[in-house]
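Hi,

Here is the structure I promised to pass on.

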Amino acid sequence: MTITYTWRDDFDNAAVDALHAAGFGHPAAGASGPSGTDWQAQLRRHSLGWVCARDDGDLVGFVNVAWDGGVHAFILDTVVAGSHRRTGIGAGLVAEAARQARAAQCAWLHVDFEEDLRAFYLDACGFRPTAAGLIAL
């Protein structure tokens, strides 16, 4: 297994949708995403970039790096194919996202996560815990 990580690489909407559906437990909708979302258009419009992880050309991991247009970048939707989990790919995705956010002169990389992902983000990826707030909309 040789994993390659690419920044702002082309991808197939259906492949990202399938990864997202498997990782976040919703049905895959095919080429246009779970709710008619065109992943490519959405990411190009709203994100600093994204990282694709590939194993022999197959998409096996993905992370979106949103931003505020200034110094704050945000990790969203880190996902790795089930067959490739617990191999370091998720940490590799986040590491590449951090490198690229730093190269874009962002000063901060934020992430929020559920408690079961605490060890991944804090231990494996090097995030520090911070106080934060959330309003469910």
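Val94 sits in helix H3, which covers residues 89–103. Keep in mind that this is a predicted model. With a relative accessible area of 3%, Val94 is buried. Leaving aside residues up to four places away in sequence, Val94 touches Thr78, Phe120, Tyr121, Cys125 and Phe127. Tyr121 is 27 residues from Val94 along the chain, yet their C-alpha atoms are separated by 8.8 Å. Some of those neighbours turn up again in an aromatic cluster made of Phe113, Phe120, Tyr121 and Phe127.

Glu96 counts as buried because its relative accessibility is 12%, under the 20% cut-off. Arg99, at 45%, counts as partly exposed.

The salt bridge count comes to four. One of them joins Arg54 and Asp9, at 3.3 Å from N to O. Arg54 is in strand S2 and Asp9 in the loop between S1 and H1, so this pair ties together parts that are 45 residues apart in sequence. Arg54 is buried at 16% relative accessible area, while Asp9 is partly exposed at 24%. Another one is Glu115 with Arg118, at 4.0 Å from N to O. Here Glu115 counts as exposed, at 58% relative accessibility, and Arg118 as partly exposed, at 35%.

Now for the aromatics, where the count is five pairs. Phe11 and Trp50 make an edge-to-face pair, 5.9 Å centre to centre with 90° between the planes. This pair links distant parts of the chain, as Phe11 is in the loop between S1 and H1 and Trp50 is in strand S2, 39 residues apart. Both Phe11 and Trp50 are buried. Phe11 also pairs with Phe62: the ring centres are 5.5 Å apart and the planes at 70°, so this one is edge-to-face, given that anything over 60 degrees counts as such. Phe62 is in strand S3, 51 residues from Phe11, and Phe62 is buried as well.

On to helix H1. After H1 comes Gly25, with a positive phi near 70°. The buried residues in H1 are Asn13, Val16, Asp17, Leu19, His20 and Ala21. Their cover includes helix H2 (39–46), strand S3 (58–67) and strand S4 (72–80).

Two backbone angles to finish. Arg8 is not a glycine but has a positive phi, near 55°. Arg8 is in the loop between strand S1 (3–7) and H1, and is partly exposed at 33% relative accessibility. Asp56 likewise is not a glycine and has a positive phi of about 55°. Asp56 is in the loop between strand S2 (47–55) and S3, and is exposed, with a relative accessible area of 72%.

Cheers

Definitions and conventions: Residues numbered from 1 in each chain as written. Predicted model: local features only at pLDDT ≥ 70, side-chain atom pairs only at ≥ 80, totals over all residues. Heavy atoms only, no water. Buried < 20%, exposed > 50% of the residue type's maximum accessible area, 1.4 Å probe, protein only. Helix = DSSP H or I, 4+ residues; strand = E, 2+ residues; numbered from the N terminus. Contact = heavy atoms within 4.5 Å. Phe/Tyr/Trp six-rings, centres within 6.5 Å; stacked < 30°, edge-to-face > 60°. Salt bridge = Lys/Arg side-chain N within 4 Å of Asp/Glu carboxyl O.
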